[in-house]
Structure formats: structure tokens, C-alpha cells
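Please have the model open as you read.

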Amino acid sequence: MRERISTALKLAQDEGDKRRCATLRLVQTAVKDRETAAREHGKDGVDENEVIEILQKMISQRETSANEFEAGGQLDLAEQERNEQEIIREFLPVQLSDEETKALCEATVKEIDAQGLRDIGRCMSELKSRYKGQMDFVQASCFVKDMLRADGNDHTPNGADDIAQN
């Protein structure tokens with residue numbers, strides 16, 4: 001992933017795209033800072049999962065800033081933040097659709113035999129270990145909660161199993 005970012009930066013420099021250059025330099029700096037901190041703590045650097053975390057955090061920060069700029073009437077700055085988000089998002093794994101997320105949540109609930117709301121943590125831990133960087137975990141948590149909320153045995157988001165049994 002770091003090579004992709006470096007290559008993209010070189011291409012942006014060749015094209016004279018200042019916004020893209022600045023954003024990609026920020027990404028590289030954030031990764032290098034995390035690597036330096038890791039080495040200070042005896043680690044060999046950062047792995048791909050940590051780079052994904054860094055990128056996700058940068059996207060989240062820009063979303064917060066964009067919302068604040070919009071609330072303050074600074075639409076040009078909000079648009080700039082959203083453009084930076086899109087540049088950063090290019091380097092993340094492809095995100096799963098709502099339908100794919102819902103299906104994977106349902107499969108995980110069934111697979112670990114989750115019985116009620118007390119099992120949300122186990123479900124989410126399993127989803128995070130399998131689909132890191134590919135899934136909106138806030139949304140997934142809502143799906144899992146809906147599946148487990150009814151009576152602990154309902155593994156479908158809308159209760160279709162109960163309806164089919166009646």
C-alpha cells in the first residue's frame with residue numbers, strides 16, 4: 001500500500017495536482033510518524049492493517065472537519081476536506097455494500113451461534129477480525145443488534161423466520 005501511495009504522489013507531482021500532492025504527503029507523514037513511534041516501542045514498524053487504521057482515522061477527521069466547516073458556512077473548506085477524503089479513500093480496501101454487510105453479519109451470527117444481545121461483542125469481534133477495513137462496523141453493529149434483539153433466536157434482520165413459522 002505504501003508503494004501505491006508513493007507512486008500516486010509521484011504521478012500527482014508530474015501532473016501538477018497540488019491538492020493531491022499535499023494530501024498524499026500528509027498520508028505518508030502520518031504513516032512515517034506511526035512507524036517511528038512503533039520502533040521506539042521495539043516493533044519493526046507498521047503493518048498493512050495499521051496503515052488502514054491510519055487512513056480510516058484521516059478520513060474520519062476530514063468528515064468531522066467538513067461538517068464543522070459546513071455548519072460555519074465555509075462551504076469551500078468543507079468541499080476541500082471532502083476532496084481529501086476521496087483521495088485517501090482510494091487506498092483503502094473496497095468497501096462492502098449494505099447488502100453484503102448484512103449477509104456477512106447474518107452468517108457470522110449463525111456461525112458463532114449468537115443467542116442474544118449479550119453476544120454482540122463476540123459477533124463484532126469476529127467481524128472485525130475477518131473484514132478489517134472493508135466494512136462499516138457501526139452499521140454492522142446495528143445489523144447484528146437488530147438480528148439479536150427480538151428473542152435471541154431470530155437471526156434475520158426483519159424477523160422473517162418468525163413470520164414463516166406462524
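## Ground rules

A residue is called buried when its relative accessible area is under 20%, exposed when it is over 50%, and partly exposed in between, using a 1.4 Å probe and protein chains only. Helices (H or I, at least four residues) and strands (E, at least two) are DSSP runs, numbered from the N terminus.

This is a predicted model, in which local features need pLDDT of at least 70 and side-chain atom pairs count only at pLDDT 80 or more, while totals for chains, interfaces and linings use all residues. Residues are numbered from 1 along each chain as its sequence is written, and side-chain values use heavy atoms, with hydrogens and water left out.

## Salt bridges between helices

A salt bridge here pairs a side-chain nitrogen of Lys or Arg with a carboxyl oxygen of Asp or Glu within 4 Å. By that rule, the model has 14 salt bridges. One of them joins the side chains of E53 and R34, with 4.0 Å from N to O. Because E53 belongs to helix 3 (residues 48–71) and R34 to helix 2 (residues 18–40), this pair ties together parts that are 19 residues apart in sequence. Both partners are partly exposed: E53 has a relative accessibility of 33%, and R34 has a relative accessible area of 30%.

Now have a look at R130 and E111, whose side chains meet in a salt bridge at 2.3 Å, N to O. Here too, distant parts of the chain are linked: R130 is in helix 6 (residues 120–130) and E111 in helix 5, 19 residues apart.

## A pair within one helix

K110 and E106 also form a salt bridge, their closest N and O atoms being 3.3 Å apart. Why are they separated by about one helical turn? The two are 4 residues apart in helix 5 (residues 98–111), so about one helical turn separates them. K110 is partly exposed, with 45% relative accessibility.

## A stop at D76

Finally, find D76 in helix 4 (residues 75–89). Is this residue buried or exposed? D76 is exposed, because its relative accessible area is 57%. Along the chain, D76 and A66 are 10 residues apart, and 9.5 Å separates their C-alpha atoms.
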